[in-house]
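The exercises below are meant to be worked through with the sequence and the 3D structure open side by side. Each task is followed by a solution that goes step by step.

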Number of protein chains: 2
Amino acid sequence: MTDFPITPRNQVRRLPQRAAYDRDTIYAIVDAVPFCHVAFIRARQPYIIPINHARQDDRLFFHGSPHSRLLQHIHAGEPVSMAVTLLDGLVLARSIFEHSVNYRSALLFGRGRLLDDPAEKMGALRLISEHILPGRWDDVRQPSPKELNATAVAVIEIESASAKTRQGMPVDLPEDLDLPVWAGVLPLAQGYAAPLPDDHTSASMPVPDYIQRLL
Amino acid sequence: MTDFPITPRNQVRRLPQRAAYDRDTIYAIVDAVPFCHVAFIRARQPYIIPINHARQDDRLFFHGSPHSRLLQHIHAGEPVSMAVTLLDGLVLARSIFEHSVNYRSALLFGRGRLLDDPAEKMGALRLISEHILPGRWDDVRQPSPKELNATAVAVIEIESASAKTRQGMPVDLPEDLDLPVWAGVLPLAQGYAAPLPDDHTSASMPVPDYIQRLL
């Protein structure tokens, strides 16, 4: 896929060798996790909110209450930034100075609007649900007209973006290599633990396949 | 510990029953993970950066390059916001509408400055290192005067903050309880995987105790 143009807004200034501007790299990070952080400005104060998201082409979708400050802000056409961050491990060098972290980080910029059309809203909600837990949507009761009405859905047009990543082993100074210190990477692992049924789920009901395959 | 006053800046407007303003709740979240997201404003555009942090009393510490845009911004006395977010699990209800996530989220507001004094900088770096991996600092070569000089350290005075949390099982509509759907919580688990030594670490060198005890 094509690159986002490098502009003052998305240019990575520190450690530019870790930067990427192509959609493949950026969207692989965006699609790897079910939630991101959104920043917006209100009364000259920056705010951040964690939120579930889904992506399709150059669009991000969020949902929330129609009274949500963030969604009202998006509806007003104000600029937002989105960060998607995966911490992959601690990079343990022989000197404090060369310690680092392995990570994959995407930063996106855009503006958006709230969706009006019920069919469009339903499609976006399905996209978000399927991004979080594929298979769940078709297994449960889908939104009633009243529930759909009580849900605001925002679409953000991604105008600009960049990624920054670090992977691999520590890079020590040559003169530190003989220090008697264990050095390497301590990988971070995220995953699901055993599912906990609620009190109304019968003990004989099997855990659905679309959950089992994540464990 | 005492509460932060509720003001328009830190007031949780959506689902206020999930809000908390006491330092115990907020700082337990801040201290539970080694990194946060920081938002700041530049040319009327919100930015977000993921960064390692440590806390002491009502102060947050960051470090980075003296050329970092964020640290220069902090040095100029501009307002920043910090979000610390832990995703604890997916809350799987019998209707899409009642789906949720279990989470612990803290949002902090403040302004800061860069530290000048080498001893203060060294103390803050030790705090950050010990927050990420307790025990590492004393095991490796500590910063030389030149390395300390090449590191900027910022302190943020936390002026205002709030927390928002959700825990527990889904809450379904009574009329949905008989739907033949598995409902409950799918917990998210984060932890460390087996450490990977680098090429200069001898195979006979044991993994340090302060790493072993995290596995």
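**Exercise 1.** How many bridges join E2(B) to E3(B), and do the two strands run parallel or antiparallel?

*Solution.* Before counting, note that this is a predicted model, in which local features need pLDDT of at least 70, side-chain atom pairs count only at pLDDT 80 or more, and totals for chains, interfaces and linings use all residues. Residues are numbered from 1 along each chain as its sequence is written, while chains are lettered from A and ligands numbered from 1 in the order in which they are written.

Step 1: locate the strands, which, like the helices, are DSSP runs numbered from the N terminus (H or I, at least four residues, for helices; E, at least two, for strands). E2 of chain B covers 35–42 and E3 of chain B covers 45–52.

Step 2: count the bridges, bearing in mind that two strands pair if DSSP finds at least two bridges between them. E2(B) and E3(B) are joined by eight bridges and run antiparallel, and B:His37 has B:Pro50 as its bridge partner in E3(B).

Step 3: inspect the turn. Two residues lie between the strands of this hairpin, where B:Ala43 takes a positive phi near 50°.

Step 4: look for a further partner of E2(B). Three bridges join E2(B) to E6(B), again in an antiparallel arrangement, and B:Ala39 is paired with B:Ser81 in E6(B).

**Exercise 2.** Is B:Met82 buried or exposed, and which residues is it in contact with once its neighbours within four places in sequence are left aside?

Step 1: apply the burial rule, under which a residue is buried if 20 or more other C-beta atoms lie within 10 Å of its own, exposed if 12 or fewer, and partly exposed in between, with C-beta atoms placed from the backbone. B:Met82 has 24 other C-beta atoms within 10 Å and is therefore buried.

Step 2: list the contacts, for which the C-beta atoms of two residues, placed from the backbone, must lie within 7 Å. With neighbours within four places set aside, B:Met82 is in contact with B:Cys36, B:Val38, B:Leu60 and B:Leu108.

**Exercise 3.** How many residues does each chain give to the contact between chain A and chain B, and which element gives the largest share on the side of chain B?

*Solution.* Step 1: count the residues, of which 71 come from chain B and 71 from chain A.

Step 1: find the leading element. On the side of chain B that touches chain A, E9(B) provides the largest share, with nine residues.

Step 2: Strand E9 (residues 184–192) of chain A is joined to E9(B) by five bridges, and the two run antiparallel; A:Gln190 has B:Gln190 as its bridge partner.
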